[in-house]
Amino acid sequence: MTRLRRLLDRHATALTLAVIVILWEIAGRFQLVASGALPAPSDVLIRMWEDQADYWPHVAATVRTAFLGFVGGNVIAILAAILFVRWPLTERLSRGVNIAIFALPPIAIVPVLVLALPGEWPRLTLAAIAVYFPTMTAMVVGLTEVDPRSVELVRAYGGGEGAVMRWVRLRASLPALLGGLRVAAPNAVLGAILAEFGSGSRWGLGTYLLGSLGRADPARLWGIGLAATAIAGLAYALAALAASRVTDASRAVTIAAGATPASEPIGRSGGHRVAIAIVALVLPFAIWWGLLALSGLSPIIAKTPLGVFDYLFLPPTAANAQARLLSALAETLPIMVVGMAAGLGFAFLLAVAGAVRPGIVRALMPIALVTQTMPLVALTPLLVLIFGRGVAVTVAITVSVTFFPAYVTLAQGLSMVPKAAFDLVRAYGASGWRALRMVALPASLPWLFAAARLAVPRALLGVMIAEWLATGRGLGNLLNQSRGYLDYGMIWTVALVSVLVSVILYQLAVGLERLATARR
């Protein structure tokens, strides 16, 4: 029995994939799910073969956009990380911008980018934004966590901070950077597809998906979703292969996904720290204002921060705008909170179970990877086929997009608990579950909050995409309606409110983490 269990644990990944494919084929072949909404994998592959002539130009457009955005976003991220580590004050001043970039739901800013940028620049910009934060954060961690003896050696030979950066920090950062690229690569694909979906471009998988929604052809929708997943998964695999050739960068993936870069406190006086905090708060709005001033767009189309304030509070129509916005928020936020809490809770329970039975982790990792790499805009229509267009599909999407990233983070955190701590508890006769409760669960608390920070923007993004594509409610639907009505003031307002909601919830998770850590 023990030998059989070891064999099953060793091949858990392959067995899980085989079972999923077999069950999927049976369910699709006999129409056991939503009257054929889940076609058999064989039917999906046949449909993809029949549509192959349509796929190539769309796939080529998506890959091109994702690649250019990936390169541009990573160059900016690496340069920003070097700047933040070389001059820590710049990181403190830019923290508001960094958190806003991490927290913003991409679907909310697609209409804004389309209004503000010409040609293909909206698609390239969104793909670049999607990769900036994970790469920048991983690079900061890699530049910061270096052997102090190497730093002292360079300084002993007369080298300054520039020499330390060149000879020590940049070389030591490579593993962390490659780990961050593993997260950034599928993000670039997601950003490209979301931009294609919302910008009205002629080519791209996002455009192909949007044009196929109303054709009552589940096999085609699943085919597009699988094609998008394959591209994102290939991007992840290439980045992972590069990382494995250098060193194990798995630790950097978790940091890149769930943390913000932290620098040493700048300044000792309270007034100095308050001034830095104010600048960090104002800087995102100043950049917003400056970019619009440089673009030369009409203020009717491009709203500055004061323009959004004017739209929402000063004209006679302000009361109506406020009512619509508050009504949309009242529909979006409860579903987001419920779905996010369910996803985090499920991830926590499964990660704990996996710490006792490692085979569970290996069995679920393929599903985690597929869900991570499948773009939300491709996942949503597939879940609509199964759950319909009510609240259930929105909750299902929110749970799906928050569960697996949180699960991976928590499982990795639990795996880093020192083995000696478990051995000590077991030496006193504790069972596996008791050792888990006494050692692993307290140690997992920081990772739970890291998972919560990671889940906030993804949850809001999932809800808004479901509202846009399926339910016709909430912030996503308000954004979609505003595009149709050319209500530019509401477009900018929804984008701003979406970012603010994510930032506030993110900072709430940070505050709870600090409170819990202080009590330990």
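A residue counts as exposed when its relative accessible area is over 50%, and as buried when that area is under 20%. The close-ups below show a predicted model.

**View 1. L486 in the loop between α22 and α23.** Helix α22 covers residues 474–485 and helix α23 covers residues 488–519, with L486 in the loop that joins them. The relative accessible area of L486 is 54%, so this residue is classed as exposed. The backbone at L486 has a positive phi of about 55 degrees, although L486 is not a glycine. Most residues other than glycine have a negative phi.

**View 2. Packing of helix α4 against helix α5.** Helix α4 spans residues 52–86 and helix α5 spans residues 88–103. Their axes lie 6 Å apart and form an angle of about 130 degrees. On the α4 side the contact is made by L83, F84, V85 and R86. On the α5 side P88, T90, E91, S94 and N98 take part. By residue type, the contact of α4 with α5 divides into 4 nonpolar, 3 polar and 2 charged residues.

View 3. Leaving aside residues up to four places away in sequence, T65 touches R123, L124, A127, A192 and E196.

Technical notes. Residues numbered from 1 in each chain as written. Predicted model: local features only at pLDDT ≥ 70, side-chain atom pairs only at ≥ 80, totals over all residues. Heavy atoms only, no water. Helix = DSSP H or I, 4+ residues; strand = E, 2+ residues; numbered from the N terminus. Buried < 20%, exposed > 50% of the residue type's maximum accessible area, 1.4 Å probe, protein only. Axes fitted to C-alpha atoms, helices over the stretch in contact; angles between N-to-C directions. Contact = heavy atoms within 4.5 Å. Nonpolar A, V, L, I, M, F, W, Y, C, P; charged D, E, K, R; others polar.
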